[in-house]
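This is a short report on a protein model with more than one part to look at. Please keep the sequence and the structure in view while reading.

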Amino acid sequence: MSVSMATGELVREEPLVRPVRWRLAALRHVPVVPLSIITLILLTAVLANVLTPYSPVDIALPERLKPPFWEQGGSLAHPLGTDPMGRDLLTRMIYGARISLLVGFLGLCLGGGVGAALGLIAGYAGGRVDAFLMRATDTALSFPIILFAILLVVILGGSLLTVVLAVALVLWARFARVIRGETLSIRERHFVAQARIAGSSPMRIIVVHLFPNVLNTLVVLLSLQVGWVIIVEASLSFLGAGVPPPTPTWGSMIAEGRDYIASAWWISFFPGLAILVTVLAFNLFGDWLRDALDPTLRQL
Amino acid sequence: MQRYIVRRFFQSLLELLAISMLIFGMSRLTGDPVMLMVPDDASREDIAQLRHALGLDQSLPVQYWVFLSKAVQGDFGRSIKGQMPVSEMIKERLPNSLKLAAVALSIAVLLAFPLGVVAAVKKGTALDTMANVVAVLGQSLPQFWVGIVLIQVFAVHLRWLPVAGVGSIWHYVLPAFTLGWFVVAGMMRLLRSSMLDILGSEFVKLARIKGVPESTVIWKHALRNAIIPVLTFGAIYLAILVTGAILVETVFAWPGIGQLIYQGIVFRDFPVVQAVVLLTAGVVIAVNLLVDILYAYVDPRIRYG
């Protein structure tokens, strides 16, 4: 808020809503490489059926276990080689990007949404509600929660929906903890008290007054977790607790290559490389976004 | 101190109870848990018999009580695939997992401490950057893939180490390193920042003014205090270790608990998965309790706080 020296008008002590605000200095250091990689991966995932002439699931046994084109016996028809069923590896990786990104996106929405909501409620309500919710959050955070994700998939059976649920289950606590902390400091500010005096219901205060003020943090948190979510999805897929075959996922492709570790190294190598590059790009982008929006979130 | 321990103990008990309820509740998500406990080709009579044997005709609270009292006695039911009590399978495999985890944790501590301290002391140098790269990669690499690539390089191509399984001490090298490295990343970063804090504090300045040799200042005065924040994250490291063990044991065909849960997933062997989750929950909660008590013993601010 600007100070009007001429009129001496009283300046509002704090903004009613802290919008997502960019720091100009950071805008000069836009991470070009990570952003291009992310754009490229998003495009390949969306355009998968245009980009490749092959099907990701149809079996072609005569073509099985062809190496990448630079190795002996490889050809440009299958640039990264084929898997034990004769399916083009690059094709399956392109379609695999769809699953990774889709599960990542939906899992983040669900886990982040539930976590943020619980954080807002705990932070605003305080008292017993807060104590209970934070106890649960702490337990979830200090626990190999992926075990529960596995249990969930074994009980409900593998499907896109189950995996999204499982990912959200792993994720929510990280959001609840941070958002609750933010809420605690915001609810002490005058505009919240004013809203309460004006008769706003707790629901309205949380949605209209508190939520917009934690949005900044939420955006940063979301972007920092994308990489982690992709690794969780890949880990579940690798263990056979992901989206079931024949749908290609990066994690399950790595698992399929395990039996050919000595004879066909490319089957597990390239999907893993795809995970590494994607996660690294998202992590670097998230780091930058944090510095651009709110450097005080460094400890996240 | 005693009051603190008692309070903390009951907290742990409550946590364990809540988790057992969660597991029990999850197993009822599909409505009929019997379908999770029999092979796909089980006959109608088998199913009806098991339903009665499990007391599923009774109310939910009674069912939960039966489930809990059996679990406390170490009865987790029978494996669908293995056709033997799950507790036997766990007993057989637990030592393997503990051995691997112990070696991995030792490697992690031996790597993370020097790296974290050196990164803090030589802040801003190439060494610091290198340590940072190790940490960033630790957060971006899928652990199971690292294991597979290591096998390809060191076992298949160079033939220096065995591909998988157990046997000699050489079998420990790759899995323990893969498992340990991911603990190193977090531990190192934390130690570096807490070292930086401590190195700027008054008592370190005093030690230097007194003429204490720099190496003693760093490795004794500073490190001792910098370790405390690392200890508080003990639970997180344990969680990373357990999660990692599932993946690493699967990659390296290590006959431990982690591989057991993998087989449980593959064969949809619900009793096995349920038992491993419940047991791991118990172990994690017990270790956390122990660490907290130790911590309160070391740092009086906690027990009086």
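The model is predicted, so local features need pLDDT of at least 70 and side-chain atom pairs count only at pLDDT 80 or more, while totals for chains, interfaces and linings use all residues. Residues are numbered from 1 along each chain as its sequence is written, and chains are lettered from A and ligands numbered from 1 in the order in which they are written.

**Chain B**

Chain B contains 14 helices and zero strands. Helices here are DSSP runs of H or I with at least four residues, strands are runs of E with at least two, and both are numbered from the N terminus. The C-alpha atoms of chain B fill a box of roughly 80 × 60 × 30 Å along the principal axes. Of its 305 residues, 36% count as buried. A residue is buried if 20 or more other C-beta atoms lie within 10 Å of its own, exposed if 12 or fewer, and partly exposed in between, with C-beta atoms placed from the backbone.

**Where chain B meets chain A**

In chain B, 39 residues are in contact with 34 residues of chain A. Contact means that the C-beta atoms of two residues, placed from the backbone, lie within 7 Å. Helix 11 of chain B gives the largest share of the side of chain B that touches chain A, eight residues. That side divides by residue class as follows.

| Class on the side of chain B that touches chain A | Residues |
|---|---|
| Nonpolar (Ala, Val, Leu, Ile, Met, Phe, Trp, Tyr, Cys and Pro) | 26 residues |
| Polar (the others, Gly among them) | eleven residues |
| Charged (Asp, Glu, Lys and Arg) | two residues |

**Val273(B)**

Val273(B) is found in helix 13 (residues 270-298) of chain B. Is Val273(B) buried or exposed? Val273(B) counts as buried because it has 28 C-beta neighbours inside 10 Å. Leaving out residues up to four places away in sequence, Val273(B) touches Ile150(A), Leu151(A) and Val154(A), as well as Ile261(B), Gly264(B) and Ile265(B). Between Val273(B) and Leu29(B) there are 15 Å in space, C-alpha to C-alpha, and the two are 244 residues apart in sequence.

**Helix 7 of chain A**

Helix 7 (residues 160-187) of chain A has 28 residues. From its first C-alpha to its last, this helix reaches 38 Å, close to the 40 Å expected at 1.5 Å a residue. A kink of about 35° is centred on Leu171(A) in helix 7 of chain A; the bend at a residue is the angle between axes fitted to the seven residues ending there and the seven starting there. Of the 28 residues in helix 7 of chain A, 22 are buried.

Definitions and conventions. The expected span of a helix is 1.5 Å times one less than its number of residues.
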